[in-house]
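Please report on the fold of this protein.

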Amino acid sequence: MSDTQPAGRPGEGVSASTAAAPRTDAAALPGGGLSGETLPGGGLSGTELPGGARPHPLASGPADDWRYLGLPLVLLLALGAYLLLTRDPAPIGPPPGDDPLVRILLVEGAPALPLDLEGDWRLFAAAGPQWTPQGEGLRLSGKFELRGGKLTSPDGKSQPLPGERCLLAPAERGQGPAPAFGLLTRRYRGTLRLQQLADGRLRAVNAIELEDYLSGVIGHEMPLSWSDEALKVQAICARSYAVRELKPAREYDMERDARSQVYKGVMAEDARARAMVEATRGLVIKHQGEVITAYFHSTCGGDTVPASWIFDWVKQDTPPLMGASDCTCQASKYYRWEKEGVDLSALRGITVAFPLQKLEIEHWPRGGYVKRVVLTGKEGKTQEIQGYRARSRFGLRAPCFEGALRPDGKTADFKGKGWGHGVGMCQFGAEGFAKQGWAAEEILRHFYPQTTIEQL
Ligand SMILES: [Zn+2]
């Protein structure tokens, strides 16, 4: 994706760490539209430790320390431990069935679609903006192919689709997980909305309850082997993001790939993912009563930063996206990194002549994030590249780096911090705080200052 076209994606999940190259598609919602006063200072205050970690208020020290503590302090810590054990950091929300529907575009413009139905399903003609099913519907089970306005079974029998717009729904929904349908190579829960476009081509949209959708998403954004509280943080961020993405006036809300949140249907579900989604059912991040755009990224390298420092479409910073210091993401492989020998002359988009005379980097006042890079070419002309765009142009992991031009005027060496844009929640930091005993809500309030975690 071009680095000049931010996609509608809040995060750059840790799960992307298997990719060979840094992702350049991670950007944000245009028109985040949050209101609120701007904080003058930015980062959160807190006790600074030499190692950069901020202790949890209720965290206890190493076991050996207990010998040296006085009785009142022991009692206080015992009370703290009691509170930690007895409090419910993630209240259970309303029962299933009240969730908003999320509509994900699975296929656009396909001439044919294979369909594999487990159990009994019905295919209805659908009417109105809510895709209300009409009549009794066709009873279906097994494998079919949709092509040219017809539904064909493996024995070659075919029948016309009941309408231009059709809804495929389970014949009945009982207890337990909803039945799944197979489309192309994946399986999905919820219903399937089929629309015949021009030339008999098909659009397929999966309409699924928000909580079921999240179960198919969070394992792609964060490793399911991580701490419960970190996974709850991810679930609440993903839910907040999805809610901001709902577009009632359109035919669908989101894509199924990295343009939105990566959604692979039932394949991506896991008992642990479902449990973490269930433990946070309905919870979202709000500021002044509005759900926020919960940007997140893999690793910040120590400080998260105001959204306006990174995204040129964010004109005014709001308290939840001002950034925070003292992050605990040291366990990330990309907490610090180096990239040497980058041949700038081979990169697209460099408009000044080689050999370059200078490569200068101007930083923002906190965290080492780059405000802009100025290249001075052979004839003295200059080119300015905004920090976030410089990251993708130079193929670096984060817009947080130093750089030096070699004497050949073509090659540069970079040293940097973090992976991702550095705005909002830092995933490795969330895991770091979770390991120190922080609850999901505390972690979220650290990364998104002045917010509350509430039911949708
Ligand atoms: Zn971090």
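This report goes from the whole chain to single strands and helices.

**Overview**

This is a predicted model: local features need pLDDT of at least 70, side-chain atom pairs count only at pLDDT 80 or more, and totals for chains, interfaces and linings use all residues. Residues are numbered from 1 along each chain as its sequence is written.

The protein has nine helices and 23 strands. Helices (H or I, at least four residues) and strands (E, at least two) are DSSP runs, numbered from the N terminus. Of the 456 residues, 42% are buried. Buried means that 20 or more other C-beta atoms lie within 10 Å of the residue's own; exposed means 12 or fewer, and partly exposed lies in between, with C-beta atoms placed from the backbone. Among contacts with a separation of 6 or more, 69% are between residues 24 or more positions apart. Two residues are in contact if their C-beta atoms, placed from the backbone, lie within 7 Å.

**Strand β11 and its partners**

Strand β11 covers residues 202–209, and six of its eight residues are buried, so the rest of the structure largely encloses it. Two strands pair if DSSP finds at least two bridges between them. β11 pairs with strand β2 (residues 101–110) in the antiparallel sense, over eight bridges. There, L101 stands opposite E209 of β11. Strand β10 (residues 191–196) also runs antiparallel to β11, joined by six bridges. In this pair, L194 faces A204 of β11. β10 and β11 form a hairpin with five residues between them. D199 in the turn has a positive phi of about 60 degrees.

**A three-stranded sheet**

An open sheet has the order β16-β21-β20, with antiparallel pairing. β16 (336–343) and β20 (401–405) are the edges; each has a single partner strand, so one side of each lacks a neighbour in the sheet. Neighbouring strands of this sheet are turned by 15 degrees against each other on average, direction ignored. Five bridges link β20 to strand β21 (residues 411–417). Across that pairing, E402 has K415 of β21 as its bridge partner.

Two helix pairs follow. Axes are lines fitted to C-alpha atoms, for helices over the stretch in contact, and angles run from 0 to 180 degrees between N-to-C directions.

| Pair | Angle | Axis distance |
|---|---|---|
| α4 and α8 (residues 427–435) | about 140 degrees | 7 Å |
| α4 and α5 (residues 271–279) | roughly 70 degrees | within 9 Å |

α4 is therefore roughly perpendicular to α5. The contact uses D228, L231, K232 and A235 of α4 with M276, V277 and A279 of α5. α4 and α8 are oblique to each other. Their contact is made by E229, A230 and V233 of α4 and A430, E431 and A434 of α8. Angles under 35 degrees count as roughly parallel, over 145 as roughly antiparallel, 65 to 115 as roughly perpendicular and the rest as oblique.

**Helix α9**

Helix α9 (residues 440–447) is mostly covered, with six of its eight residues buried. These are A440, E441, I443, L444, H446 and F447. The buried residues of α9 pack against α4, β13 (283–287), β22 (425–426), α8 and β23 (452–455).
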